[in-house]
Amino acid sequence: MYLQWLPVAGWEDGAARYFVLPVVTLALPVMAYVTRLTRSSLLDVFRANFIRTARARAWALANFVGARAAARVASGCELHRPATAFVVTGSLVVETVFGLPGTGRYLVQGAINRDYTLVMGMVIVYGTLVLLLNLIADLVYGWLDPRVRHE
């Protein structure tokens with residue numbers, strides 16, 4: 001704020017410098033969450049029996065097998081579902097705090113003005129958006145990991 005590198009609020013023709021603070025505000029908690037879950041999942045995979053067996057036999061493919069399993073875990077969509085819901089609902093507050101135009105700002109203003117029709121409509125829109133994103137994540141996860149497919 002004192003150096004005035006980035007604007008604290010407002011919107012000016014979609015300039016990139018106006019996006020930096022809202023994006024960082026939304027992304028940092030999600031990155032910490034996904035990083036923590038990915039790390040614990042990777043540690044579980046590397047402690048699995050097939051990785052230990054491959055290392056014990058000194059297979060040259062042990063690193064390849066581990067890398068494939070790690071890639072599958074790292075791309076696990078089950079980690080991204082709560083993160084997506086957090087970003088969608090967090091954008092409501094971020095739009096209001098940073099003075100950005102958007103539907104979240106209208107939802108907050110509708111709640112302040114007791115415009116129940118607007119609030120109910122926006123809750124339905126945001127709920128539908130979260131459900132659709134979760135459905136897409138489930139479909140992608142089923143496509144990536146054949147163990148969770150249903151016949």
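Reader: Start with Val24. What is its relative accessible area, and is it buried, exposed or partly exposed?
Author: This is a predicted model. In it, Val24 has a relative accessible area of 39%. Buried would need under 20% and exposed over 50%, so Val24 counts as partly exposed.

Reader: Which helix does Val24 lie in?
Author: Val24 belongs to helix H1, which covers residues 20-46.

Reader: Which residues make the nonpolar surface patch with Val24?
Author: Leu3, Trp5, Leu6, Val20, Leu28 and Met31 make the patch together with Val24. The patch comes to about 700 Å².

Reader: And the accessible surface of the chain, how much is it?
Author: About 10,800 Å², with 67% of that belonging to carbon and sulfur atoms.

Reader: Switching to the inside. What share of the residues is buried?
Author: Of the 151 residues in the chain, 26% are buried.

Reader: Which residues form the largest nonpolar core?
Author: That core has six residues, namely Val88, Leu92, Leu107, Met122, Tyr126 and Val130. Helix H4 (80-98) and helix H6 (116-144) are the elements that give two or more residues to this core. H6 gives the most, with three.

Reader: What does Val130 touch, leaving out residues up to four places away in sequence?
Author: Ala85 and Val88.

Reader: Last topic, the fold. How many helices and strands?
Author: Six helices and zero strands. From the N terminus on, the order reads α-α-α-α-α-α.

Reader: Of the contacts between residues at least 6 apart in sequence, how many join residues at least 24 apart?
Author: 55% of them do.

Notes
Residues numbered from 1 in each chain as written. Predicted model: local features only at pLDDT ≥ 70, side-chain atom pairs only at ≥ 80, totals over all residues. Heavy atoms only, no water. Patch = residues over 30% accessible without salt bridge, like charges linked within 9 Å, V, L, I, M, F, W, Y side chains within 5 Å. Areas by Shrake-Rupley, 256 points an atom, 1.4 Å probe, with all protein chains shown as cover. Salt bridge = Lys/Arg side-chain N within 4 Å of Asp/Glu carboxyl O. Helix = DSSP H or I, 4+ residues; strand = E, 2+ residues; numbered from the N terminus. Buried < 20%, exposed > 50% of the residue type's maximum accessible area, 1.4 Å probe, protein only. Contact = heavy atoms within 4.5 Å. Core = buried A, V, L, I, M, F, W, Y, C linked by side-chain atoms within 4.5 Å.
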